[in-house]
Amino acid sequence: MRSAFVNQLFVVPVTLAGYLGCYHARPEYFHGLSSSACVWNFILLHSILWAIFILEVYPRFICPLRSLPAPKGGYPLVGYGFSRFRKPVGSDHLQFIRDVPNNGLIRYRGFWNQNNVLLVSAEALAEVLVKRPYDFRKRLLPSFGFRSIKELHPLFWRKSAKLVQCMEADLFQNSEKGTEAITDINFWSTKVTLDMIGVAALGRDFNTLEKSDDILVQSYEEILDPTPGKLAMFILSSYQLTSLTRFIPGKVEKRFKLATATLREICMKFLQEKKSLMSNSQSISTDVLAKLIEMNEFADIELVDQLLTFIAAGHETTSSTFAWVIYHLARHPDIQSRLREELRTYVKPNDLENDTVDISSLLEGLPLLNGVINESLRLFPTVPLTMRTPAKPTTLIGLLKLGVQHQKFSILSVGLIPPQKKPNNTGGADNNYSIMTFLHGPHTCIGQGFAKGELRALTANVVAAFEIAMAYPENNPIPAGLITTKPEGGMWVKLKRVEALN
């Protein structure tokens, strides 16, 4: 506000000088004008000059970010604003890093020529995410403890095993070859992750692996379906232009609001039922809703918001990531074979079914399984681009002194180091910031443990049951989706039955 007031003080004298200059140069134009007409002319001139100042003068000649290196090109007035929505997400930002010499920060123009900063160096990332994270804003769900996530691992394993059973029943029962079949792995990953989230978050089994008529599931599918209308709605909402979304053809806004209202109504009903059950039962629930109720820190409407966010984020992100894990294994059959051998050596399904083994510790201790998952997360992060905005006056790696009026900082999560022959955490890079999928520091993604637990169980079960190859090797899947890296057109693979674990 203070900066805007100072800028107005700069523009008003310029407007007044221009207005008086026009009066002295062409006084005949002002003869006969009423005082109100003169005022409106002044306001019009001031508005034009103010727009020129905001769109051109300030970002190019006054903004402290102007001295940072920047990519050439961009469109008039919108700069690289559409880069945020181009598929795959983050591809333009990755090109900036490769092409623009920099000292850890890169400036790029967004809509209305607003300057944005792309954090490149480990030093800049550490300062925003770890050293001074509270100088930058982000709304987060409450943290979930290690023990809570650990208790969910048997659920992850059971649902993953059921996934394999459903795939075998559906794909091979009527297969002409008997042992080989082609399928879209993204179709299955969406179902199983919804089932996992349903039990883990609500204590309710949607059972979408066998049916898809649950009203909550249908409502989420309506919201998350990446249609052009949804993309337009997302873009407008991202720039606080929600008043324009009602003009999108196809009644997109109306259907979206209806689905959202349905979800809220269902989750509120679940909440009341869960509270009643918990008050009348001595048993301990391990689902997220029960944990949030036990915290006693949220009003009912806030609990519903938390729940809706967790279900949407946890389902869509893990589903997309698992598809890319399968993609990498299909492209690297040697690593796939080594992983299957690792699983045969250390994983005994009978022990897991009898609860005689700590599933969480067992899967976390398998080096190749975790390496494959981490490398897939690094190269195809679920959400490639994250934004931060200064919450108070601050500095950044000693190069910039910033106030709250300055624009967003972009954090690119895509791995910059080529994939290595041996999967590992960092892909051979020399610092932890080469894998940014879950960010770092106090604001690291709270779903990291949950997502990795799901991915370990899913990957172990599917790789142990099937030999995986790309169904159409000549076609490279493209990361798409409105926000996540969901593969466009699905992830089609050829599966061949292998001897089950024993």
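This is a predicted model: local features need pLDDT of at least 70, side-chain atom pairs count only at pLDDT 80 or more; totals for chains, interfaces and linings use all residues.
The backbone oxygen of Val463 sits 2.8 Å from a polar atom of the Arg340 side chain. Arg340 belongs to helix 13, which runs over residues 333–346. Its side chain is buried but makes no salt bridge. The nearest side chain of opposite charge is that of Glu467, 5.0 Å away. A salt bridge needs a side-chain nitrogen of Lys or Arg within 4 Å of a carboxyl oxygen of Asp or Glu. What Arg340 does have is the backbone oxygen of Val463, at 2.8 Å from a polar atom of its side chain.

Now step back to the loop between strand 7 (409–412) and helix 17, where Cys445 is placed. UniProt, in an unreviewed entry, lists Cys445 under "binding site". Is Cys445 buried or partly exposed? Its relative accessible area is 32%. Buried requires under 20% and exposed over 50%, so Cys445 counts as partly exposed.

Two further cysteines give another picture. Cys166 is buried, at a relative accessible area of 12%. Cys267 is buried as well, with a relative accessibility of 0%. How many disulfides does the structure hold? It holds zero.

Helix 12 comes next, covering residues 300–331. It has 32 residues and reaches 47 Å from its first C-alpha to its last. That is close to the 46 Å expected at 1.5 Å a residue.

Turn to helix 6, residues 153–171, which contains Ser160. Ser160 is buried, with a relative accessible area of 0%. Which residue is 32 positions from Ser160 in sequence and 7.2 Å from it in space? It is Val192, with the distance taken C-alpha to C-alpha.

The loops hold two backbone details. Asn207 is placed between helix 7 (185–202) and helix 8 (215–224). It has a positive phi of about 55°, although it is not a glycine. Asn207 is buried, with a relative accessible area of 15%. Leu77 is placed in the loop between helix 2 (35–62) and helix 3 (91–99). Leu77 is not a glycine either, yet its phi is positive, at about 70°. Its relative accessible area is 34%, which makes Leu77 partly exposed.

The unreviewed UniProt entry annotates residues 6–25 and 37–58 as "transmembrane region". What does the model show for residues 37–58? The span is 100% helix and 0% strand. Its end C-alpha atoms lie 30 Å apart.

Methods:
Residues are numbered from 1 along each chain as its sequence is written. Side-chain values use heavy atoms; hydrogens and water are left out. A disulfide is a pair of cysteine sulfur atoms within 2.5 Å. Buried means under 20% relative accessible area, exposed over 50%, partly exposed in between (1.4 Å probe, protein chains only). UniProt positions are given in the numbering used here, feature names are shortened, and annotations may be inferred rather than shown by experiment. Helices (H or I, at least four residues) and strands (E, at least two) are DSSP runs, numbered from the N terminus. Lys and Arg count as positive and Asp and Glu as negative; His and the chain ends are not counted. A polar contact is a pair of N or O atoms within 3.5 Å; within protein, one must be able to donate a hydrogen and the other to accept it, and residues adjacent in sequence count only if both atoms are side-chain atoms. The expected span of a helix is 1.5 Å times one less than its number of residues.
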